[in-house]
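Try each task before you read its solution.

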Amino acid sequence: MERTALVLGAGGITGVAWQLGILVGLHDRGLDLGRADLILGTSAGAMTGALIAAFGDPRAAAAIEAPLGPGDPPITADWNRGAIAFGLLQDASLDPAEMRRRIGAIALEAEVGPPEPWLAAFGRRLPIETWPARLVVTAVDAATGDPVAWDEDSGVPLVPAVTASCAVPCIFPPIPVNGSRFMDGGVRSRTNADLAAGYDRVYVLAPRMPMMQRDALDPAFTMIEPDEAAMEAIGGNVFDAGRWIPVLAAAERQGRELLLR
């Protein structure tokens, strides 16, 4: 029997809206990727993946209050350290493991507030008691730089796992999980799509994909990125919650128009 994987990449709040909109649009025309045998989420994709794996119907998932609002903690980014971390992320000369360790050390020092308010904020958006089957969530140990891929058998609660996967270094604090602190799974890869190797069909929804990682993607995978109208709706700030509705609408339209095999 053919096995399908749905890979959901990083992209901030607008990335969650875009991914949900694409899934709604595809569902409307008869392609239900929420039934995939594997749902692999990284950063924004971890939130999308948890909602899709738990609720099934993408419209029900999209109805969850995902964008940040007045009741959430403010984003207090450490831009000085963040600039250094971003520079390391772009340095192709660095060994990837060393790069992750250096970024993790910076993330642990960043002055971005405590993790508890963010765990509470994500918990309100994930009213899910048990880890959904088929869901895998990626993160990176901030102390060691080691990547992890958590599933229902990992002994990790869902809310801390998703919050950790979304913990962009120097914007959000590394999240404590089982005695360690973890940061955004996108530090390893914006999609971690290589973890879906071996599936017969792999659909990658990538709101923001660096050229180098795009070129390294398995050519057998089906890559879906925002089209021009969706990119205009997304704008330049992926944490702009005010763009949720227009991004969702643009992505639904894109999903209905996609030609996929």
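Rings of Phe, Tyr and Trp (its six-membered ring) pair if their centres lie within 6.5 Å; planes under 30 degrees apart count as stacked, over 60 as edge-to-face and the rest as tilted. You are looking at a predicted model, in which local features need pLDDT of at least 70 and side-chain atom pairs count only at pLDDT 80 or more, while totals for chains, interfaces and linings use all residues. Residues are numbered from 1 along each chain as its sequence is written, and side-chain values use heavy atoms, with hydrogens and water left out.

**Exercise 1. Aromatic pairs**

Find how many aromatic pairs the structure holds, and classify the pair of Trp 118 and Phe 172.

Solution. Start with the count: there are 3 aromatic pairs. Next, take Trp 118 and Phe 172: their ring centres are 4.8 Å apart and their planes stand at 85°, so this pair is edge-to-face. Now place the two residues: Trp 118 is in helix α6 and Phe 172 in the loop between α7 and β5 (175–177), 54 residues apart, so to speak a link between distant parts of the chain. Helices here (H or I, at least four residues) and strands (E, at least two) are DSSP runs, numbered from the N terminus. Both Trp 118 and Phe 172 are buried, where buried means under 20% relative accessible area, exposed over 50% and partly exposed in between (1.4 Å probe, protein chains only). Finally, ring pairs join Trp 118, Phe 172 and Phe 239 into a cluster.

**Exercise 2. A pair between strands**

Work out which strands hold Trp 150 and Phe 182, and whether each residue is buried or exposed.

Solution. First, the geometry: Trp 150 and Phe 182 form an edge-to-face aromatic pair, with 4.9 Å from centre to centre and 75° between the planes. Second, the location: Trp 150 belongs to strand β4 (residues 147–150) and Phe 182 to strand β6 (residues 180–184), so the pair ties together parts 32 residues apart in sequence. Third, the accessibility: Trp 150 counts as buried because its relative accessibility is 7%, and Phe 182 is buried at 6%.

**Exercise 3. Around strand β1**

Find where Thr 4 lies and which residues it touches beyond its neighbours within four places in sequence.

Solution. Thr 4 is in strand β1 (residues 4–8), and counts as buried because its relative accessible area is 16%. Its contacts, with those neighbours set aside, are Ala 36, Asp 37, Leu 38, Tyr 199, Arg 201 and Tyr 203.

**Exercise 4. A proline in a loop**

Say where Pro 114 is found and how far its C-alpha is from that of Pro 174.

Solution. Pro 114 sits in the loop between α5 (96–109) and α6 (116–125). Its relative accessibility is 47%, so Pro 114 counts as partly exposed.

Note on methods
Contact = heavy atoms within 4.5 Å.
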